[in-house]
Amino acid sequence: HHDPTHFDGGLSNRQLFAVHQVAERVEALGQFVMKTRRTLKGHGNKVLCMDWCKDKRRIVSSSQDGKVIVWDSFTTNKEHAVTMPCTWVMACAYAPSGCAIACGGLDNKCSVYPLTFEKNENMAAKKKSVAMHTNYLSACSFTNSDMQILTASGDGTCALWDVESGQLLQSFHGHGADVLCLDLAPSETGNTFVSGGCDKKAMVWDMRSGQCVQSFETHDSDINSVRYYPSGDAFASGSDDATCRLYDLRADREVAIYSKESIIFGASSVDFSLSGRLLFAGYNDYTINVWDVLKGARVSILFGHENRVSTLRVSPDGTAFCSGSWDHTLRIWA
Amino acid sequence: MSGKTTTTTNNIAQARRTVQQLRIEASIERIKVSKASADLMLYCEEHAKKDPLLMGIPASENPFKDKKTCILL
């Protein structure tokens with residue numbers, strides 16, 4: 001029979017469940033040399049979250065000690081700093097305009113701070129409370145403008161907020177436990193986002209309707225991080241079960257597992273390189289593993305942090321990635 | 001009315017919501033893993049040359065990599 005949707009590279013006799021089976025003939029990657037190029041020092045306690053500015057240079061990071069710092073990653077200079085009224089600032093995000101940052105944590109809120117370039121800037125004075133949850137804020141992200149923020153919380157929900165008015169625009173119910181992470185679909189692919197939680201589920205949501213459109217439950221433990229594949233057709237997850245996984249949205253299933261017997265500590269944060277070929281994952285054993293997304297193999301292991309890697313993001317132009325750690329530092333790798 | 005009846009009613013309502021949600025999720029059109037994988041591979045291939053971390057770019061073009069020469073002012 002002729003099935004036009006079935007790609008047949010001589011593989012039609014076998015049942016195919018994973019990307020690496022289809023990618024058998026793809027050339028393996030060579031050796032990678034990635035080193036720490038910058039170390040950002042200044043936080044007084046565990047770094048919990050970081051985000052890049054669209055200018056590919058500035059970074060916002062937040063820490064257990066309540067401090068939120070904006071850095072110039074080229075020079076390692078600190079450009080802005082604010083102390084939150086709470087400890088454990090678990091989430092922070094840069095606004096698309098580069099003119100504001102959002103953060104929150106144990107205060108159960110997400111607040112927006114405009115960034116000015118005044119000499120004696122008082123960031124705390126301009127603080128705007130936007131989101132209110134009934135438990136800790138675990139993740140936040142601006143949508144494609146400075147006007148709306150998406151949040152995830154220990155209260156088991158995600159929510160979309162209008163920044164100006166603080167109004168709740170949509171709430172997302174469905175997780176059976178704390179939601180730990182979220183990622184917005186690349187703008188070309190429409191109004192959806194993915195979230196991961198302590199219920200071991202990754203859920204894909206329609207932002208307009210609040211409806212869960214797909215859910216995936218194959219991890220054996222908390223999902224700490226979710227990140228869309230650059231095409232928007234798939235997403236990766238990192239979990240306390242020591243594996244990272246790839247889920248394809250159109251196939252509606254898990255299509256790859258990135259694991260090794262020797263990796264026994266949880267993966268805290270994941271991100272793709274620009275082409276989607278590499279997956280960078282930070283782990284609780286202080287290392288960063290670099291995975292070949294198509295072949296399923298690890299291509300590099302990066303040492304340097306002296307405690308858990310808690311957060312990791314590739315820069316907007318893909319030239320480097322930044323990792324944050326419980327060792328109080330952030331590192332830029334290239 | 002006893003509390004037991006209310007709980008039963010709530011459980012039924014909850015179960016109905018779950019079934020409804022599962023119906024929505026089950027009704028989406030799926031493609032085969034072979035096709036999905038092929039598309040992922042194609043995307044990687046098409047964008048590989050523009051992926052600095054994959055290709056490695058010369059130090060002179062990467063703001064994070066040290067350039068060899070220093071000028072003493």
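This passage walks through the contact between two chains and then a few spots inside chain A. The structure is a predicted model, in which local features need pLDDT of at least 70, side-chain atom pairs count only at pLDDT 80 or more, and totals for chains, interfaces and linings use all residues. Residues are numbered from 1 along each chain as its sequence is written, chains are lettered from A and ligands numbered from 1 in the order in which they are written, and side-chain values use heavy atoms, with hydrogens and water left out.

The meeting of the two chains comes first. Chain A brings 54 residues to the contact and chain B brings 32, where contact means heavy atoms within 4.5 Å. The size of an interface is often given as the accessible area lost when the parts come together. Here the two chains bury about 3,500 Å² between them, with 67% of it on carbon and sulfur atoms; buried area is the accessible area (1.4 Å probe) that two parts lose on being put together, summed over both. On the chain B side, B:Leu40, B:Leu53 and B:Phe64 lose the most area to chain A, and together they make up 25% of what that side buries.

Two salt bridges are counted between chain B and chain A, a salt bridge being a side-chain nitrogen of Lys or Arg within 4 Å of a carboxyl oxygen of Asp or Glu. B:Arg30 forms a salt bridge with A:Asp252, and the closest N and O atoms are 2.8 Å apart. There are also twelve residue pairs in polar contact between chain B and chain A, both residues at pLDDT 80 or more. A polar contact is a pair of N or O atoms within 3.5 Å; within protein, one must be able to donate a hydrogen and the other to accept it, and residues adjacent in sequence count only if both atoms are side-chain atoms. As for where the chain B side comes from, α1 (3-26), α2 (33-47) and α3 (52-55) of chain B each supply at least two residues of the side that touches chain A. The largest share, twelve residues, comes from α2(B). Helices (H or I, at least four residues) and strands (E, at least two) are DSSP runs, numbered from the N terminus.

Within chain A, salt bridges tie together some strands. Over all chains the count is 15 salt bridges. A:Asp51 pairs with A:Arg313, with 3.7 Å between the closest N and O atoms. This pair links distant parts of the chain, since A:Asp51 sits in strand β2 (residues 47-52) and A:Arg313 in strand β26 (residues 309-314), 262 residues apart. A:Asp51 is buried at a relative accessible area of 12%, while A:Arg313 is partly exposed at 23%; buried means under 20% relative accessible area, exposed over 50%, and partly exposed in between (1.4 Å probe, protein chains only).

A second bridge joins A:Asp271 and A:Arg227, the closest N and O atoms being 3.6 Å apart. Again the pair links distant parts of the chain, with A:Asp271 in strand β22 (residues 267-272) and A:Arg227 in strand β18 (residues 223-228), 44 residues apart. A:Asp271 is buried, with a relative accessible area of 8%, and A:Arg227 counts as buried at 10%. A:Asp51, A:Asp183, A:Arg227, A:Asp271 and A:Arg313 are linked in a network of salt bridges. Elsewhere, A:Arg58 and A:Asp55 meet in a salt bridge at 2.6 Å, N to O. A:Arg58 is partly exposed at 21% relative accessible area, and A:Asp55 is partly exposed at 32%.

A:Gly197 belongs to strand β15 (residues 192-197) of chain A and counts as buried because its relative accessibility is 0%. Residues up to four places away in sequence aside, A:Gly197 touches A:His175, A:Asp178, A:Val179, A:Leu180, A:Asp222 and A:Ile223. A:Gln64 lies in the loop between β3 (58-63) and β4 (67-72) of chain A, and is buried, with a relative accessible area of 15%. Beyond its neighbours within four places in sequence, A:Gln64 is in contact with A:Asn45, A:Lys46, A:Leu48, A:Thr87 and A:Trp88.
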